[in-house]
Structure formats: C-alpha cells, structure tokens
Amino acid sequence: MSTSHLAALTGLSLGSVSDHLRVLLDSGVVTKRRSGREVLYWRTALGATLADATADPPARHRPTDQG
C-alpha cells in the first residue's frame, strides 16, 4: 500500500504514517518499492509471521472461561 492509502485507512497523518513505516523498514518488517510516482510498502516474511502470530495466538495463551 502507499503511504497515503495507509493514512486514509488508519486516520493518521501522512507524517505519522511515514514515521511508523521508517521504524518498520529499519526493523525488517516491511519493504518498499517505487511504482511510478508512488512508493508502495509490503510485509516481509518476518512481518507476515509477526502479523499471523498476533492475529491468532496459540490456544495456551487465550483466556478461558474457567479463569
């Protein structure tokens, strides 16, 4: 996605999205490519692994009804 697309989706300013993307790029979680006049961002394999891990944590980490 582009910076402007991410800003529209999140409601954050373009500057804030750019700052977050810089941290994610430096951490190896996303990568970027130029497409015409836009710079597009993708998750790396590491980013996909981290996103999958936070989206569906293992059963042993889920709260139970029994407390």
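In which helix do D26 and R22 both lie, and how many residues apart are they? Both residues belong to helix α2 (residues 14-27), where they are 4 residues apart, about one turn of the helix. Helices are DSSP runs of H or I with at least four residues, numbered from the N terminus. The model is predicted, and local features need pLDDT of at least 70, side-chain atom pairs count only at pLDDT 80 or more, and totals for chains, interfaces and linings use all residues. Residues are numbered from 1 along each chain as its sequence is written, and side-chain values use heavy atoms, with hydrogens and water left out.

A search of the whole structure gave 1 salt bridge, a term for a side-chain nitrogen of Lys or Arg within 4 Å of a carboxyl oxygen of Asp or Glu. A salt bridge joins the side chains of D26 and R22, with an N to O distance of 3.2 Å. D26 is exposed at a relative accessible area of 59%, while R22 is partly exposed at 41%. Buried means under 20% relative accessible area, exposed over 50%, and partly exposed in between (1.4 Å probe, protein chains only).

S2 lies in the segment before α1 (3-10) and is buried, with 9% relative accessibility. Its side chain forms a polar contact with the side chain of S4 at 3.2 Å. A polar contact is a pair of N or O atoms within 3.5 Å; within protein, one must be able to donate a hydrogen and the other to accept it, and residues adjacent in sequence count only if both atoms are side-chain atoms. A polar atom of the S2 side chain also lies 3.1 Å from the backbone nitrogen of H5. Leaving aside residues up to four places away in sequence, S2 touches E38, V39 and L40, where contact means heavy atoms within 4.5 Å.

Conventions
Helices (H or I, at least four residues) and strands (E, at least two) are DSSP runs, numbered from the N terminus.
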